[in-house]
Amino acid sequence: MTEDTNPNFQESPDLKSVVEALLFASPEPISPSRLAALAGMGQDGGEITPTAIRQAVEELDGDYRLQGRAFEVSRIANGYRLQTRREYAPFIRKMFNPRRYSRLTHATLETLAIVAYKQPITKAEIEAIRGVSVDGVIKTLLDRELIKVLGQKEVLGRPYLYGTAQRFLEHFGLRSLGDLPILEEVGPSSPKRIETSSDLRKEPEFSAGAPEDQPEEAAEGKGETPEPRPDVE
Amino acid sequence: MESAPHQTVLEIFEGPLDLLLYLIRKNEVDIYDIPIQRITRQYLDYLNLMQLLDLDVAGEFISMAATLMYIKSRLLLPEDEREELEEEEDPRWELVKQLLEYRQFKSLSNELHRMEVRQENYFTRSQREPPPPPPAEEAVEEISIFILLDAFSRVLSEASARQPAEMAPDPFTQEDGRRRVLERVGSGGKVSFLTLFDRGEARTRMVVVFLALLHMIQQKILRVVQEGHFGEILIERLSTDDPEDPTPEET
């Protein structure tokens, strides 16, 4: 079918179709304001409001659902994105080389989590939290456009300040940074009082070699069950 | 890309804080009341083992060891001198705060990972170019390196109980170690970590085998999984292509 024979083709196509076309052709999520600006060009002078865009998107998404189509419009990275529905993933996945899913490593994810919650943040500040150098990891994150340089900190050496990039929201399916899980306050304000350090009395000096537990030490562990280590699957 | 695999010093991508959290969990002690002497001793044991294996132990590990020793010395002050100490902060508190904050980000990164995996179910029309494969140095184990080190140190200490010393140089090369690991792991299914080592064989040989295993984990040829926390450690083959055995076409 060409545009000449399309019975629905009008002088000025309806907003829903314009939005659909824009979403279809865009390589990345489009914000409502940008959609409004782009869709407004073909209209006879009338301003298009973000509300109208939102309505059009909702209708479009509703149409897809009602018609049982394979698409949906997702709200992601401060905008809208046309994507396939979840149930078609197995078919599409087969089309691609599985190696394409290069997931982020623990080190990368940890650093990214710190940047996401503490931005803007310098490399030295990240290292203070992780306790290891993050040079290589920062480079990987920059290369993958998950973080970006936001500026430089006005301290000696003027180190770069990093923050998350738009691609970060896309990669994790977040609408905005406000969608991140809530950061809980860390612990009470002071540790338990130093006991008569029974710990220090009982123990023999450390011996090199096997880091095995001595049986007599086993009773020492106090009640609290530590959280499961997150990186052990 | 990978230069001279036989000389490559393996880097540890988990840091001193990971090791401390691991020890705290393994010992089932309260993070707010860390038995500093015991944890310090075990920490140093791991450090020694990593150095024995010639792993590239980052300076941060050494500096954390110094911090632990310092805290220990503060806690060891005689009672009367401790009086004034108790007025101030618990010497462990700085470290505890750091551990808690770090642990929080570890669990957040876990959450990010779940979100990442969930997101793999959605496709857009113009898929971005697949991102470049992560550089080899970035490869990460499925389980903590410390769990592996732990298991290996047990193998080693059992071996040392039975054999006094090795005199003659062992002709067993790194390539032999590599071949053995691949052979025993086979192509499908999982095998126990322990099957990689023979009873009563030389410790030096065990080290070679273990290092070969670590290399192949980093190259994502093998994967290590564990059945539940502190369960049996299993090795499985991840891919069949072996980047270290390319038969050079030219020359």
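Helices H1(A) and H3(A) are roughly perpendicular to each other, a label that covers angles of 65 to 115 degrees, with under 35 counted as roughly parallel, over 145 as roughly antiparallel and the rest as oblique. Helix H1 spans residues 15–25 of chain A and helix H3 residues 50–66, and the two pack at an angle of about 80° with their axes 9 Å apart. Helices here are DSSP runs (H or I, at least four residues), numbered from the N terminus; axes are lines fitted to C-alpha atoms over the stretch in contact, with angles from 0 to 180 degrees between N-to-C directions.

This is a predicted model, in which local features need pLDDT of at least 70 and side-chain atom pairs count only at pLDDT 80 or more, while totals for chains, interfaces and linings use all residues. Residues are numbered from 1 along each chain as its sequence is written, and chains are lettered from A and ligands numbered from 1 in the order in which they are written.

On the H1(A) side, Leu15(A), Lys16(A), Val19(A) and Glu20(A) meet residues of H3(A) including Ile53(A) and Leu60(A), contact meaning C-beta atoms, placed from the backbone, within 7 Å.

Chain A itself is divided into domain 1 (15–94) and domain 2 (106–179), with bounds from an automatic or database domain assignment. The C-alpha centres of these two domains lie 30 Å apart.

Terms used: Contact = placed C-beta atoms within 7 Å.
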